[in-house]
Amino acid sequence: MISEKMLALARKNSAIRAMFEEGAGLAALYGRENVFDFSLGNPNFPAPKAVRRAILDVLDGEDSLLVHGYMSNAGYADVRGAVAASLNERFGTAFGADNIIMSVGAAGGLNVVLKTLLNPGDEVIAFAPYFVEYGNYVAGCDGRLVVVPPNTEDFLPDTRRLEEAVTPATKAVILNSPNNPTGVVYAAETIARIAEVLEAKQRAYGTNICIISDEPYRELAYDGVVVPYVTKFYPNTIVCYSWSKSLSLPGERIGYIVVPSAVHEYEIVYEAACIATRVLGFVNAPSLMQRVAARCLGERADVGAYDRNRKRLYEGLRACGFSCVFPQGAFYLWMKSPVPDAEFVEAAKRHNILVVPGASFGCPGYVRLAYCVSPDTIERSLPAFEKLAAECFGPR
Ligand code: PLP
């Protein structure tokens, strides 16, 4: 009965599901406080108080037909205008309401953009390690994900290998900075070099290649590191943003897409993306949350708390002898696995530690730890990591 495409996805999904269930099983056995679950990117810090206030203000203060009704597929015009104005102020761009489409988080935005751009067999490039769902999203839109192998020196995109990966069938390149799973932020010169490569390939092949900038972690950057705005480097860029992490609202499913006027065939692309929103069944982004987000454009989750977690976990793991990338952004720590990553994940589980194998991100030999957990979880996990390290490296 089931479609072959969905059967393949469901079979693959069961491994992730099993890990999720395993965490619940361990918690039932040993108590939630004795299980150190670093597997999921689910923010453990609450949404800013301003979000709750905005929800109540919108419910009390706005016309309920407006708050709960259908609107244009792109979202409320005033909300889109407010998002555009806020971007212009922060990044010196010149967007208007008609460059913004409100989306069902970054996942909804990415699916809308891929649905808009891809013909069957079109190729979409991602740099390993990459967010595992890209493969599903691209396959779901009948495209083919082409993975550029990892640059394990510094985990920045390997632009020489990008040149080799682009073909006449390349429709898009996904960039994700701050990056899940490495925490690396792409500097201006890296983005400029990627833009150069793609401009040259567009000219050589007579094609149009879109950068899809996947930015759910844009606001989570530490030590004053700058996260450059990609549309300023490459005109054919579409941005997918989300408030899932920046406002700790992953379950509310709210974000937006930026389609700049400089995008090739902007008008028809924008129109088609609005239709894709409808065809995919979202119809529009959640109405209440659109209005709440517009009132919270200057708000952020507690980035300082993530920063403290980042430093404590990094230092704690290094003291145990593990080698990690010091994250500049997002809330993930990327650690070199001292043994094959699948083995390490199993060994960690024996100490009630849950981490995700690098192979899930197209980069075996590493593991990812999501440090969007309570500081207490990190503190109590460190003795368990020490025992795990002794097992991996032998007594020191
Ligand atoms: N892109 C990346 C890199 C992510 O890590 C995530 C979620 O973890 C998403 C997209 C999807 O985010 P959202 O909850 O906004 O759909």
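Predicted model: local features only at pLDDT ≥ 70, side-chain atom pairs only at ≥ 80, totals over all residues.
1. At A106, a backbone N or O atom lies 2.8 Å from a ligand oxygen atom. At A107, a polar backbone atom is 2.8 Å from an oxygen atom of the ligand. S242 uses its side chain: an N or O atom there is 2.6 Å from a ligand oxygen. On its own, the ligand has 390 Å² of accessible area, and the protein covers 92% of that.

2. **Helix α9, length check.** The helix runs over residues 266-279. Its 14 residues, at 1.5 Å a residue, should span 20 Å.

3. Which residues of α9 are buried? They are Y266, V269, Y270, A273, C274, A276 and T277. Because they cover an arc of only 155° around the axis, they sit on the same side of α9. An α-helix has 3.6 residues a turn, so residues three or four places apart point the same way. On the other side of α9, the exposed residues are E267, I268 and V279.

4. **Helix α9, packing partners.** What do the buried residues of α9 pack against? Two helices are among the partners: α4 (77-91) and α5 (105-117). Two strands also take part, β2 (100-103) and β7 (237-242). Just after α9, G281 takes a positive phi of about 95°.

5. **D158, burial.** Is D158 buried or exposed? Its relative accessibility is 16%, so D158 counts as buried; the cut-off is under 20%. D158 lies in a loop, between β4 (144-148) and α7 (159-165).

6. **D158, surroundings.** Neighbours within four places in sequence are left aside here. D158 is then in contact with F127, V148, P149 and N151. The D158 side chain also reaches the backbone nitrogen of R161, at 3.1 Å.

7. **D158 relative to α9.** How far apart are the C-alpha atoms of D158 and V269? They are separated by 29 Å, with the two residues 111 residues apart along the chain. V269 is one of the buried residues of α9.

Conventions
Residues numbered from 1 in each chain as written. Heavy atoms only, no water. Helix = DSSP H or I, 4+ residues; strand = E, 2+ residues; numbered from the N terminus. Expected span 1.5 Å × (residues − 1). Buried < 20%, exposed > 50% of the residue type's maximum accessible area, 1.4 Å probe, protein only. Arc of directions from axis to C-beta. Contact = heavy atoms within 4.5 Å. Polar contact = N/O pair within 3.5 Å; in protein donor to acceptor, adjacent residues only side chain to side chain. Areas by Shrake-Rupley, 256 points an atom, 1.4 Å probe, with all protein chains shown as cover.
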